[in-house]
Amino acid sequence: MSSDKFRRIPGQTVTCGWCGTRVELKSTGRVPKWCSETCRHRAWEQRRSAASDRAPVEVVDHVVEVEKQVRVVERVEVPVPQHPRRGEWPAMLQRLAAEIDSGRVYIRDLDAIDEALGAVRESMGRQSGWVPRHFRRRTGPVVSSSWLR
């Protein structure tokens, strides 16, 4: 046998055993049966299912559009409580009173708030020269600690 008899000519092609695409032959080596690994694998799957008496796998390529929910995170500015300035104390205490009246403050927190307000009252009583407003209207002598009761 002459090797010229089986010599390949440049540009020769064979068809893919799976999809029918034309595959160009290389000048040496095995003659390809498949155009790609994907076609080779699909053909193997079909041969395997046929050998095991199962229904052959039918591979269908199509585009599937999927709606994906994306969670959007919004930036929310949260005011950070700061130490009240000189004239802001009365308004802050009024807001606390309104929160308590509306039921937004837990009952379990009222004891701690009462203790804190008691400390505020005692501290105010220790301030020299300060007289509670309801004592200022009286005309008689001022009793310094009677308003604490």
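Predicted model: local features only at pLDDT ≥ 70, side-chain atom pairs only at ≥ 80, totals over all residues.
Reader: OK, so what lies over the face of tyrosine 106?
Author: Arginine 108 does, at 4.0 Å from the ring centre. To count, CZ of Arg has to be within 6 Å of the ring centre and within 35 degrees of the ring normal.

Reader: Switching topic: which residues line the second largest pocket?
Author: Trp89, Leu93, Leu96, Ile113, Ala116, Leu117, Val120 and Met124. A pocket is an open set of points on a 1 Å grid where a 1.4 Å probe fits, with protein on both sides within 12 Å along at least five of seven lines, and lining residues have an atom within 4 Å of a point.

Reader: And which helix gives the largest share of that lining?
Author: H3, with five residues. Helix H2 (89–101) and helix H3 (110–125) each supply at least two; helices are DSSP runs (H or I) of at least four residues.

Reader: Last one: is serine 49 buried or exposed?
Author: Buried, with a relative accessible area of 3%; the cut-off for buried is under 20%, with a 1.4 Å probe and protein chains only. Serine 49 lies in helix H1 (residues 37–51), and a polar atom of its side chain is 3.0 Å from the backbone oxygen of glutamine 46.

Technical notes. Residues numbered from 1 in each chain as written. Heavy atoms only, no water. Buried < 20%, exposed > 50% of the residue type's maximum accessible area, 1.4 Å probe, protein only. Polar contact = N/O pair within 3.5 Å; in protein donor to acceptor, adjacent residues only side chain to side chain.
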